[in-house]
Amino acid sequence: TNLDKKLSIIIVNYNSGEFLLKCIKSLEKIKDELDFDIWIVDNASTDNSFKKVKSKFPRLILIENSQNLGFSKENNLALKKIKSKYILLLNPDCEIIPGTLKYMIQFMENHLDIGVATCKVEKTDGLIDLSSHRGFPTPWTAFLYFVLGNNSLYHQSYKNMQEIHEVDAISGAFFLTTKEVLDKVGLFDEDYFLYAEDLDLCYRIKQAGFKIMYVPT
């Protein structure tokens with residue numbers, strides 16, 4: 001891998017079909033914004049998504065597994081090899097809008113106390129994906145959310161979603177961090193197969209004294 005890349009993007013693929021191709025195409029459109037490489041870690045997909053990527057985008061860095069190892073292990077395979085200053089975990093069903101990456105990297109450069117940040121993640125219906133804006137799941141938070149249907153603490157929905165602010169945790173859909181932060185706090189806990197591993201990592205990043213930011217601008 002080129003050591004002077006500013007950013008490496010990791011996409012874990014498991015039968016993502018056309019979503020993965022759309023995701024990569026959205027990144028191809030913005031390759032002049034900044035210097036980044038793309039790592040695709042395939043989880044023994046049985047659809048043609050990984051084969052299509054191999055033939056259409058041969059320049060990508062590909063890691064192919066013979067079995068489904070789960071989200072944490074998959075990301076860690078790439079994270080152990082990457083030397084770039086910035087690292088973005090990106091879900092294969094995301095499409096990046098032009099200007100986003102450049103803006104987010106600039107934001108990180110300007111605020112060195114930030115451990116991880118997300119942009120505004122919108123679903124196809126235009127609504128914000130609230131899993132990218134989380135509170136830590138304390139017993140009271142969980143009770144309010146699951147029993148009373150109140151997400152004010154679970155998704156910190158009492159905060160102004162138009163302004164930049166701190167949150168407890170963000171999701172692995174768009175998870176922008178630095179190699180320096182991961183060297184300090186460690187990689188994903190591989191005891192988690194899927195889900196909650198991003199919460200756990202955010203918790204450790206916060207414990208280490210870094211901020212976790214939601215950047216809807």
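## Ground rules

Because the model is predicted, local features need pLDDT of at least 70 and side-chain atom pairs count only at pLDDT 80 or more, while totals for chains, interfaces and linings use all residues. Residues are numbered from 1 along each chain as its sequence is written, and side-chain values use heavy atoms, with hydrogens and water left out.

## The sheet

Let's start with the sheet. Eight strands form an open sheet with mixed pairing, in the order β3-β2-β1-β4-β7-β5-β8-β6. At its edges sit β3 (61-64) and β6 (165-166), each pairing on one side only. Helices (H or I, at least four residues) and strands (E, at least two) are DSSP runs numbered from the N terminus, and two strands count as paired if DSSP finds at least two bridges between them.

Strand β1 (residues 7-13) has parallel partners in β2 and β4. Seven bridges tie β1 to β2 in parallel, with isoleucine 11 facing isoleucine 40 of β2 as its bridge partner. Four bridges link β1 to β4 (residues 86-90), also parallel, and there isoleucine 9 has leucine 88 as its bridge partner.

## Strand β2 and the crossovers

How many residues of β2 are buried? Seven of the seven are, so β2 is largely enclosed by the rest of the structure. (Buried means under 20% relative accessible area, exposed over 50%, partly exposed in between, with a 1.4 Å probe and protein chains only.) Phe36, Ile38, Ile40 and Asp42 point one way from the strand, and Asp37, Trp39 and Val41 the other.

β2 also pairs with β3, in the parallel sense, over four bridges; here isoleucine 40 has leucine 62 of β3 as its bridge partner. The chain gets from β2 to β3 through α2, in a right-handed β-α-β crossover. β1, α1 and β2 make a right-handed β-α-β unit as well. Right-handed means that, with the strands pointing away from the viewer, the path from the first strand over the helix to the second runs clockwise.

## Helices on the sheet

Helix α2 (residues 49-56) lies across β1, β2 (36-42) and β3, at about 150° to β3. Helix α4 (residues 100-110) packs on the sheet too, touching β1, β2, β4, β5 (114-119), β7 (174-178) and β8 (211-215), and its direction makes about 155° with that of β5. Contact here means heavy atoms within 4.5 Å. Axes are lines fitted to C-alpha atoms, for helices over the stretch in contact, and angles run from 0 to 180 degrees between N-to-C directions.

## Two buried serines

Serine 84 sits in the loop between α3 (71-79) and β4 and is buried at 1% relative accessibility. Its side chain makes a polar contact with the side chain of serine 8, at 2.7 Å. (A polar contact is a pair of N or O atoms within 3.5 Å; within protein, one must be able to donate a hydrogen and the other to accept it, and residues adjacent in sequence count only if both atoms are side-chain atoms.) Leaving aside neighbours within four places in sequence, serine 84 is in contact with residues including Lys5, Asp37 and Lys179.

Serine 26 belongs to helix α1 (residues 17-28) and is buried at 7%. A polar atom of its side chain lies 3.1 Å from the backbone nitrogen of isoleucine 96.

## Cysteines without partners

There are zero disulfides, a disulfide being a pair of cysteine sulfur atoms within 2.5 Å. For cysteine 94, the nearest cysteine sulfur, that of cysteine 23, is 6.5 Å away. Cysteine 94 is buried at 13%, and cysteine 202 is buried at 0%.
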